[in-house]
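Grab a pencil and work through these exercises with the structure open beside you. Try each task before you read its solution.

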Amino acid sequence: MRAADVVAKRLYDSGCRWAFGMPGGEVLTLLDALEKVGIQFVLCRHENAAGFMAEGSYHRTGAPAILLATVGPGALNGINVVENAREDRVPMIVLTGCVDPETEQTYTHQVVDQRAVFAPVTKASFTLNAGAAHVIADKAVGIATEGRPGPVHIDVPISVADAPATGTGILRPPALAMVPAPSVLADARAALAGAKRPLIVVGLDAVSDAGSDIVRKAAERLNAPVITTYKAKGLMPEDHALSLGGAGLSPKSDAILLPLVAQADVILAIGYDPVEMRAGWQNPWDPQRQIVIDVTAEPNHHYMHQSSHNFIGDCIETVAAMLSDDALAGWPDDSVSQTQNALAQAFPKGDTWGPAQAISICQDVLPADTLATADSGAHRILLSQMWRCTFPRALTQSSGFCTMGCALPLAMGAQIVEPDRTVVSFSGDAGFLMVAGELATAAENNLKTIFVVFVDASLALIELKQRGRQLKNVGVDMARSDVAAIGRAFGGNGVSVSTADGLKAALGDAQKADTFTVIGVEIDKQAYDNAF
């Protein structure tokens, strides 16, 4: 086997079936190896978008995402999405071609220290070696998926990819789940059993089907309301009586939820990773006054909050070991129901045309098992509060890094894995225009994704902040683009809507179409005022 074949086989054995990117001459052997082993390569228009498509595939398969990029500009085009993978805890294998080390000593064209570039934004960076290809491939997968997942980079010199692999292969058995001893759990178990006003906060470390099961079990056993981060939405079905929905970006939501957090006597944080949270969630509770049990995959080095009990390990098994067999009575008053009512009033469906009404219409018209993605911008904050998720990963977004241009490729990656599923992405016009070229990729792969674009000819969130500071309008407004025409130009359907009935009709047609659909939702740039 060639060294490239060894890497490809290890990725295939990890469940990988798709790779995304744009090849150059330096990665042709890698491309060949991936195809031979059964990993389909999807040609994209930009490496950054390719990485988000890869992340979209990960959310549907659970296997590491694969980004393939050529030497120099190709590799560096992917830096944004790799840092996003680090902050959003996405296991991503980044394969880049590079100049052979002996050539590098007497050559200058496209020579860049790629490992030095990727080192700060990955969990690890390797240079492939034919004699250790088996070990490097195994290390890469293990590091990317263990603890808090993240990206791992492998630089592949041109000649090494073709070189015969000479190593014997040293594969490490999967790590066992770490669960504290019963004696260590005793205090936390007793605190939970005696809770009068318990509350659960859930985050990225728990995002899985098993995580959803344990969150629901804990909530019902403790009779505790549940708050999730945005990427953990759906771990507690948001139609459940104990769900308080997501939090992290909305000041309006924080003003309702944080007082309830302050009233809790025992707080159970299940896989709560504050990388998604903003300033309002710095020290949201007082471990001197409240009992806070924090169960996470990695130690607390962020200092966004502190806790009474810190457990590092498998959050699912650890929480299961903490729960007693007896159900608690829950909160003695109606504080939880009052909070739920306040949230419903704060984020109504909207009885007039605007982003809130458009979001509600999409949720009502599209199937219950629809997969949604959201770009960064004003619409994301509103949508993350309004969109009801009843299963894990029903809504994906760039939540830790908050980068623009992610929603469209995230949706495409999910659609490639599940071509018959309804998948919808929500973008602002600025974020959509960053990645509009990927509509060609959607057409080539016969995707039926629905791309909803809020067209307000402005960076609405930044414009809102600018007005809030009474600053002059500078650098936030743009010409209004016909996004529907762009959709048609790339071979899909495209329609612009400015009424509720128009949006309902467009969504109905999109679900019956045999190609992708771009729906331009025309709104005013000040439509988000007081929305979140």
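**Exercise 1.** How close do the axes of helix 3 (residues 47-61) and helix 5 (residues 79-87) come, and at what angle do they cross? Then work out how the two helices run relative to each other.

*Solution.* Keep in mind that you're looking at a predicted model.
- Step 1: the axes of helix 3 and helix 5 come within 7 Å, and they cross at roughly 30 degrees.
- Step 2: angles under 35 degrees count as roughly parallel, so helix 3 and helix 5 are roughly parallel to each other.
- Step 3: now look at who touches whom. Helix 3 brings Glu47, Asn48, Gly51, Phe52 and Glu55 to the contact, while helix 5 brings Asn80, Val81 and Asn84.
- Step 4: sort the residues of this contact by class, and you get two nonpolar, four polar and two charged.

**Exercise 2.** In what order do the six strands of the open sheet lie, and which ones are the edge strands?

*Solution.* 
- Step 1: a quick reminder is that strands of a sheet pair through backbone hydrogen bonds, either parallel or antiparallel.
- Step 2: here the order is 9-8-7-10-11-12, and the pairing is parallel.
- Step 3: strand 9 (243-247) and strand 12 (309-312) are the edges, as each pairs on one side only.
- Step 4: on average, neighbouring strands of this sheet are turned by 15 degrees against each other, direction ignored.
- Step 5: zoom in on strand 10 (residues 266-270) and strand 11 (residues 291-296), which pair in the parallel sense over five bridges. Leucine 268 stands opposite isoleucine 293 of strand 11.

**Exercise 3.** Which residues of helix 20 (residues 460-468) are buried?

*Solution.* 
- Step 1: pick out Ala460, Leu461, Glu463 and Gln466, the buried residues of helix 20.
- Step 2: ask what covers them, and you'll find that helix 16 (378-386) is included.
- Step 3: Glutamine 470 follows helix 20 and has a positive phi, near 55 degrees.

Definitions and conventions. Residues numbered from 1 in each chain as written. Predicted model: local features only at pLDDT ≥ 70, side-chain atom pairs only at ≥ 80, totals over all residues. Heavy atoms only, no water. Pairing = 2+ DSSP bridges. Helix = DSSP H or I, 4+ residues; strand = E, 2+ residues; numbered from the N terminus. Axes fitted to C-alpha atoms, helices over the stretch in contact; angles between N-to-C directions. Buried < 20%, exposed > 50% of the residue type's maximum accessible area, 1.4 Å probe, protein only. Contact = heavy atoms within 4.5 Å. Parallel < 35°, antiparallel > 145°, perpendicular 65-115°, else oblique. Nonpolar A, V, L, I, M, F, W, Y, C, P; charged D, E, K, R; others polar.
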